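Reader: I am new to this structure and would like to learn how to read it. Could you walk me through some of its features?

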Amino acid sequence: MKSSLPYQILLHLGSYYFAVYMLVEFLLLMYKTIILPYPSGNIASEVILLFLLVVVELCRILCGWKGNLTENTGPMIVSSVLVIPSVLAVLYVLLWQTYVLRLELILSSVQLTIQGLQTIFGFVCLLAFSRGGY
């Protein structure tokens, strides 16, 4: 059995954190729209970006989960590739939004840390699966 328990735990806990992260992001976006003078084009693009982040992150976590449990390199590679758009979207929330609140700074930094750890453990699993052993 070559599947990684630490990677599986990271994916599991990361999925719960991501759900909370997205809920807070949508609530903060609604708050900023009501309180701050938001340009109309920016609000639409940020909502679309958050929905795309949900789709990409969900696919990434599920592919990593499936690849780890089945010890298959295909889903692991897909999960590793989907890290790139996911990290870029979180970086947008962290750095390039119209208004960035301190809470978003903290939450996005934690999300990037979790994604980084998942990526490292995912590459270790990918190497173990492709070699045929540890």
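This is a predicted model: local features need pLDDT of at least 70, side-chain atom pairs count only at pLDDT 80 or more; totals for chains, interfaces and linings use all residues.

Reader: How many salt bridges does a search of the whole structure find?

Author: Side chains of opposite charge can pair when their charged atoms come close. A salt bridge here is a side-chain nitrogen of Lys or Arg within 4 Å of a carboxyl oxygen of Asp or Glu. The search of the whole structure finds two. One joins the side chains of Glu104 and Lys32, at 3.0 Å from N to O. Glu104 lies in helix 4 (residues 102-131) and Lys32 in helix 1 (residues 5-35), so the pair ties together parts that are 72 residues apart in sequence. Helices are DSSP runs of H or I with at least four residues, numbered from the N terminus.

Reader: Is Glu104 buried or exposed?

Author: Buried means under 20% relative accessible area, exposed over 50%, and partly exposed in between, using a 1.4 Å probe and protein chains only. Glu104 is buried, with a relative accessible area of 0%, and Lys32 is buried too. Leaving aside residues up to four places away in sequence, Glu104 touches Glu25, Leu28, Lys32, Leu94, Gln97 and Tyr99; contact means heavy atoms within 4.5 Å.

Reader: Which residue forms a salt bridge with Arg60?

Author: That partner is Glu57, with the closest N and O atoms 2.6 Å apart. Arg60 and Glu57 are three residues apart in helix 2 (residues 40-70), which means about one helical turn separates them. Both Arg60 and Glu57 are buried.

Reader: At what angle do the axes of helix 2 and helix 3 cross?

Author: Axes are lines fitted to C-alpha atoms, for helices over the stretch in contact, and angles run from 0 to 180 degrees between N-to-C directions. The axes of helix 2 and helix 3 (residues 73-96) come within 8 Å and cross at roughly 150°. Helix 2 is therefore roughly antiparallel to helix 3, a label for angles over 145 degrees.

Reader: Where does Glu71 lie?

Author: Glu71 sits in the loop between helix 2 and helix 3. Its phi is near 55°, a positive value in a residue other than glycine. Glu71 is partly exposed, with a relative accessible area of 27%.

How values were computed. Residues are numbered from 1 along each chain as its sequence is written. Side-chain values use heavy atoms; hydrogens and water are left out. Helices (H or I, at least four residues) and strands (E, at least two) are DSSP runs, numbered from the N terminus. Angles under 35 degrees count as roughly parallel, over 145 as roughly antiparallel, 65 to 115 as roughly perpendicular and the rest as oblique.
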